[in-house]
Amino acid sequence: MPVVAISERLLTDRLGVDISTEELTDRFHQIGCEVEGVEESNRYRCAVCGNIMETPQGTDAPATCNACGVDFRKNPEALIALSPARVIRLDMLPARPDLFDPGGLARALRAFLGVKTGLREYPVAEPTITVEIDPRLSEEGAYRPHIVCAVVRNVTFDEDSLRSLMRLQETLHWALGRERKRGSIGVYDLKTLEGTGFRYLAEDPDTRTFVPLGGMGGSRDAASMREILAKHPKGTQYAHLLGSFDRFPLLVDGSDRVLSMPPIINSDETRVTLETTDIFVDVTGLVRDSVRSMLHQLVTSVAELNDGAVIEGVRLRHADGAELVTPELTPESRTISAGYVAKRVGVDLSAGEVADRLEKMGYEATVNGSDDIVIRVPAYRYDILHDVDVVEDVAIAHGYDNIARATLPIATVSKELPESPSVDIARGSMLGLGFSEVMTLLLTSPERAFDAMRLDRRDDVVEIESPVSIDQTIVRPSVLPNLMETLAHNRDEAIPQHLFEVGKVSRLDAGEECKSRDRLCVAAALLGAEVGFADIRSTAEALLHEFGFAFEAEAAEHPTFIPGRAARVFAVRDGARTDVGMLGEIHPEVLERLGLVHPVSAFELELEALGGYTPHA
């Protein structure tokens, strides 16, 4: 969970009620935030880019600016010491980014403490700015196709609130933006921008130039986008997000002045300062829901810290003429059963009592009839996806400490899984034979499962409908490729290496209820300068012996193994002969593809065929 530093002054100013540190700590605990500590922090401002930094008291001043990279040891005049600040360090829930700053946290606490319960609504004024979106940003998903924007007017900043804004940006980049990949935020001083027709472009990185925030190593000269990616501290940090593209995203105002190069860096002349009164905000990224949620969190939190703030919409216009105004801060309406809530929480609550507790959590809740409650969910609560999420908020408002403990009316007795005895025998045997156990991922890719092993791709693999990455698109059909990849990762370690894994593989099976069938396998691999067929054969024979089987092998051909040095493995007992797997010496092409320079011999056996027998005494 993220640890967030909250300005104690800003938080208490916005709470509107006197409360002791001890009581505040208790309230934090009740809403799911744990206090790591309260401390005095030294604060500094970079004279080059305006970035505000904090260090714990008793520690050295920062050596470089974490925004523009200026070296304060060489340019001591660029580091300006500010007055110390008292901060509360909180261990936050990643699912509640609306609590990541003093404004959002004070909003939640005011409702929870009963100071101001119910829904906090944020009107959105009519847009005065339009952003035209370049269609090339969506080509083959190569760039950052999604953008949402807003204007917030009548804001004031001091050193605490400006630092809070910067910190909120970076925390949202981590929690929702996945280190700026899914979404990244840009905040600009609106008075530095011109015109009302902005553009979000896909530009040649070598032709367009601007001065990035803080300049280039102290220089105030303009640089190309490619130069910024290669030399600016933020450019080098996030170069992997843009480096492979032939055009980079760029946001410009009505006079063609550069606002930013998302998701890397803002331009220096549009930065927010202590004199800023109106801000323009954009969020760009790869995932529509992420950029929308990040915008909602930021603009509502800024509004919470400024009583007279006005949130203004921005019109987004696509090349096909489609238009959208953001932010869309209309609360979501839904109906929930009070009986369902009471049953889930485990407390006998009436519809009115459920509604009261929801009001304490920042909802609008209206009882409709004897059981139904119509609620309106704030736009900044992106974590409310299901009725059970609402139930959790009712439980928090009621107080977990106020829920009486009770013994479950139904008890279950645990027992080991049917395959556990076979797993235990296999693991114990392989460990006794001097092998080290590894546990690899169940998900893999056709390139790793088939291509690297010289195998034709199969049609019976279980594919992932929405994979999180190109390396995890199928459920593994075999354990051995994972084991070989582990050897490849350890190619620089000492030899010999003896590895094994016991794990499940999966293949399609129309006869099963879920249309796939899992199988339990054991795979082992020997890597060394003089490893051969006899070594892996004796290992497989010893393993079968522990299961009470005799070992037999028949010569066989397999693309993964060297011709003439591979065999099918049969387990024999009481006249029954069962094909349980394959062993042999790994083909040189496989070794070359994985970057292995030493011979490898390996086997993979199905444990299911060995189960149900008493192990050899």
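About 50 Å³ of space lies in the second largest cavity. The model is predicted: local features need pLDDT of at least 70, side-chain atom pairs count only at pLDDT 80 or more, and totals for chains, interfaces and linings use all residues. Residues are numbered from 1 along each chain as its sequence is written, and side-chain values use heavy atoms, with hydrogens and water left out.

**Cavities**

- A cavity is a set of points, on a 1 Å grid over the protein atoms alone, where a 1.4 Å probe fits but cannot get out; lining residues have an atom within 4 Å of a point.
- Grid points are joined across faces, edges and corners, and a volume is the space filled by probe spheres set on the points.
- The second largest cavity is lined by Ser7, Glu54, Ala85, Arg86, Val87, Asp160, Arg163 and Arg167.
- Elements giving two or more residues to that lining are β4 (79-91) and α4.
- Helices (H or I, at least four residues) and strands (E, at least two) are DSSP runs, numbered from the N terminus.
- By class, the lining of the second largest cavity has two nonpolar, one polar and five charged residues.
- Ala, Val, Leu, Ile, Met, Phe, Trp, Tyr, Cys and Pro count as nonpolar; Asp, Glu, Lys and Arg count as charged; the others, Gly among them, count as polar.
- The largest cavity is lined by Asp101, Thr156, Phe157, Ser161, Ser164, Leu165, Leu168, Ser301, Val302, Leu305 and Asn306.
- Here α4 (159-175) and α7 (288-304) are the elements that give two or more residues, and α4 gives the most, with four.
- The lining of the largest cavity has five nonpolar, five polar and one charged residues.

**Aromatic pairs**

- The whole structure holds three aromatic pairs.
- Tyr122 and Tyr380 have ring centres 6.4 Å apart and planes at 75 degrees, so they pair edge-to-face.
- Rings of Phe, Tyr and Trp (its six-membered ring) pair if their centres lie within 6.5 Å; planes under 30 degrees apart count as stacked, over 60 as edge-to-face and the rest as tilted.
- Tyr122 sits in the loop between α3 (102-112) and β5 (124-125), and Tyr380 in the loop between β21 (372-377) and α10 (387-398), 258 residues apart.
- Tyr122 is buried at 8% relative accessibility, and Tyr380 is buried at 6%.
- Buried means under 20% relative accessible area, exposed over 50%, partly exposed in between (1.4 Å probe, protein chains only).
- Phe198 and Phe280 have ring centres 5.1 Å apart and planes at 65 degrees, so this pair is edge-to-face.
- Phe198 lies in strand β9 (residues 197-203) and Phe280 in strand β15 (residues 279-285), 82 residues apart.
- Both Phe198 and Phe280 are buried.
- Ring pairs link Tyr188, Phe198 and Phe280 into a cluster.

**Charges over rings**

- The charged end of Arg107 sits over the ring of Tyr380, 3.6 Å from the ring centre.
- The charged end of Lys360 sits over the ring of Phe112, 4.8 Å from the ring centre.
- The rule requires NZ of Lys or CZ of Arg within 6 Å of the ring centre and within 35 degrees of the ring normal.

**Buried sites**

- His296 is in helix α7 and is buried, with a relative accessible area of 5%.
- Leaving aside neighbours within four places in sequence, His296 is in contact with Pro327, Glu328, Leu329, Ala379 and Tyr380 (contact means heavy atoms within 4.5 Å).
- Nine of the ten residues of helix α13 (residues 480-489) are buried, so α13 is largely enclosed by the rest of the structure.

Definitions and conventions. 1 Å grid on protein atoms, 1.4 Å probe; cavity = no way out; pocket = protein on both sides within 12 Å on 5 of 7 lines; lining within 4 Å.
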